[in-house]
Amino acid sequence: MTTNNTRLFKKPLLAVTITLASSQAMAAGFQLNAQSATGLGRAFAGDAVIADNASVMARNPAAMALFDKTELSLGFETITTDIKVKNATYTSVNGIGAAGPTTGTQSSNYDDAGGTSVAPNIHLIVPVNEKFAWGVNAYSNFGTSTDFGDDFVASEYGGETDIMSLNFGLAGSYRLNEQWSFGAGLDLIYGKGTLKRSFSNTTYTGPVLPPAADGGITGGLNALNGRSIVDIDEADGWGVGFNIGTVYELDENNRFGLSYRYSPEITAKDDKGQEIVLPLPDMAEFSGFHKLEDTKFAVHYSLQWVGWKAFDKIEFGGAASALPDSAYEWKNAGHISVGTTYYLNNNWDLRAGYMYDIAAQDDLKSVSVPDSDRQWFSAGFTYHIDTASNVDFGFTYLLGEDVDNVNESLGVTSISATTRADAILLGLQYSRSF
């Protein structure tokens, strides 16, 4: 691929690489909270401090100090996305006459670009004594797939995206006194992705023209059909981050948690030597938990900030070094969530929650990465098998919004559309204390 060609492919390629860069998926900016079925059932409200099982260490390492027994949690989430492109018009050059290029248009609606992914998790917390505890965990920060298929008219703006990541964590906590606890941890993050885009439906049927006449496309516009824009197959790489946190306990029924997570850059590389350097966003979260006196109810809430502005530049190297490094800035965003738990009896806990999630994309929109403000409607339960073990189930319906005026152009083709992304998330988890 020549430099003249690749300069035209900048926007869709960057949109694809942004999805790989996200540390989590399917909330705003394709973020996903996938560490706990318990948290999923309450829209992750209060999850940096509730500490009802070992998965809390993924949100706040200081909360490990709230356990006096060894705790194990393991489970998985499924993420089923429903991605639609509607009111879409695809335009491409279909000839060049004396007056210049002529264009043809066709509908490019698509309603089946989503898919289903599975994100597993496991967490272990081991108290050493009344002051110290340590823990290890592994969970998927990102797991999603979109495939627009060969029948999508604007394939250079859609194509295939198959992304996953794994976070391996090691953390410790220290209880200073009855009120204050502190924690810190290291994160080893593995990312892997397949990204494919190509021209497959250009309508140009005229003669082969020299590059000066057809916008720099070597071989003429009619040589575009079938030409690959990007073909990165199972690129993978590693990065190292860290997290810190604190918990303040007013009493046994009221506590607050605050945590911060530093996320690294990951350099992903495939077998062909194509390389992408991806900056991940930092995150901060504040949570509260309050069990109401003389009732079976508790209320909890979270406020999370995500530093999506880290995407100031996407860099390419190796065999992909001909691709232009360029800015694709998102805005800092986050979410607010509220929830409640009802402790029905010794066997059953019921929970529900609501989250409002703010979109990370700003002025630039993308067909392949539909993003909007989103609402989470969540419910779940815990069934206590005995005093030491339980099973959790969580359900979330994630409702996106129509994003109008999505416009992308490669010079010789363009698309205008409305996009929407909804999702259903299911989680199942087993926890045990020893």
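In this predicted model, the residues W348, F381, Y383 and F393 form one aromatic cluster. Aromatic pairing is found elsewhere as well, and by the rule applied here the count comes to 16 aromatic pairs. A pair of aromatic rings is described by the distance of the centres and the angle of the planes. For F242 and Y262, the ring centres lie 5.2 Å apart and the planes meet at 20°, so the pair is classed as stacked, given that planes under 30 degrees apart count as stacked. Because F242 belongs to strand β7 and Y262 to strand β8, this pair ties together parts of the chain that are 20 residues apart in sequence. F242 has a relative accessible area of 35% and is therefore partly exposed, and Y262, with a value of 33%, is likewise described as partly exposed.

Three strands, namely β6 (180–198), β7 (228–251) and β8 (254–262), each supply at least two residues of the patch, and the largest share, four residues, comes from β7.

Charged side chains provide a further set of links. Side chains of opposite charge can pair when their charged atoms come close, and in this model the count comes to 11 salt bridges. One of them joins the side chains of E249 and R175, with a distance of 3.0 Å from N to O.

Because R351 is part of strand β15 (residues 348–357) while D392 is part of strand β17 (residues 389–399), the pair connects parts that are 41 residues apart in sequence. Both R351 and D392 are buried.

The side chains of R420 and D402 likewise meet in a salt bridge, at 3.1 Å from N to O. Here R420 lies in strand β19 (residues 413–433), whereas D402 lies in the loop between β17 and β18 (403–409), so the pair ties together parts that are 18 residues apart in sequence. D402 has a relative accessible area of 36% and is therefore partly exposed. Salt bridges that share partners join D402 and R420 with K86 and D422 into one network.

Q35 is placed in the loop between α2 (10–21) and α3 (37–40), and because its relative accessibility is 3%, Q35 counts as buried. When neighbours within four places in sequence are left aside, Q35 is in contact with F44, D47, S55, A58, R59, E77, N121, H123, Y139 and Q429.

Technical notes:
Residues numbered from 1 in each chain as written. Predicted model: local features only at pLDDT ≥ 70, side-chain atom pairs only at ≥ 80, totals over all residues. Heavy atoms only, no water. Buried < 20%, exposed > 50% of the residue type's maximum accessible area, 1.4 Å probe, protein only. Contact = heavy atoms within 4.5 Å. Salt bridge = Lys/Arg side-chain N within 4 Å of Asp/Glu carboxyl O. Phe/Tyr/Trp six-rings, centres within 6.5 Å; stacked < 30°, edge-to-face > 60°.
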